[in-house]
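Here's a quick briefing on a few spots worth a look. Have the sequence and the model open as you read.

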Amino acid sequence: MVIVCGDRHWQYVSVDDETGIREYSTGPASNNHAGGWKQSDVRPEHRYLNVTGGFLAGEVDRVEGKPRLTFKHYSVDGDVLYEDHVPALK
C-alpha cells in the first residue's frame, strides 16, 4: 500500500519503519507556495525531501513480466527531481 498526499507545501517520500507503508507528497504547484517545512529537517523516515514546487506522477510498467510502480517528482519546469520504484510484492 502507498499513500499519496496532495495537501503539503513540500515534496517528500517517507517510509514507515514499522509497516513499510510509503507516503508520497506532490508538493505545491508553484515555487511561491513552497514552505511549511525546513529543508534541513530531514527525518529518518525520509527517502526524499525537497521544499519546492512541482508535481508528482505515477506510472505502472512491467519489468521481466512483473508490474512495477514508479513515482517521479518533477520541478515546476518539468525536470525530474527524484524517482522512486515501489518494491514489488514478494
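W10, Y12 and W37 come together as one aromatic cluster. For pairing, ring centres of Phe, Tyr and Trp (its six-membered ring) must lie within 6.5 Å; planes under 30 degrees apart are stacked, over 60 edge-to-face, and the rest tilted. This is a predicted model, where local features need pLDDT of at least 70 and side-chain atom pairs count only at pLDDT 80 or more, while totals for chains, interfaces and linings use all residues. Numbering runs from 1 along each chain as its sequence is written, and side-chain values use heavy atoms, with hydrogens and water left out.

**Aromatic pairs**
- Searching the whole structure turns up five aromatic pairs.
- In F55 and Y74, the ring centres sit 4.7 Å apart with planes at 5 degrees, so this pair is stacked.
- F55 is in strand β5 (residues 55-63) and Y74 in strand β6, so the pair ties together parts 19 residues apart in sequence; strands are DSSP runs of E, at least two residues, numbered from the N terminus.
- F55 is partly exposed at 39% relative accessibility, while Y74 is buried at 16% (buried is under 20% relative accessible area, exposed over 50%, partly exposed in between, with a 1.4 Å probe and protein chains only).

**Around T70**
- T70 belongs to strand β6 (residues 66-74) and is buried, with a relative accessible area of 6%.
- Leaving out residues up to four places away in sequence, T70 touches A57, G58, E59, E83, D84 and H85 (contact means heavy atoms within 4.5 Å).

**Around A88**
- A88 sits in the segment after β7 (80-86) and is partly exposed at 48% relative accessibility.

Notes. Helices (H or I, at least four residues) and strands (E, at least two) are DSSP runs, numbered from the N terminus.
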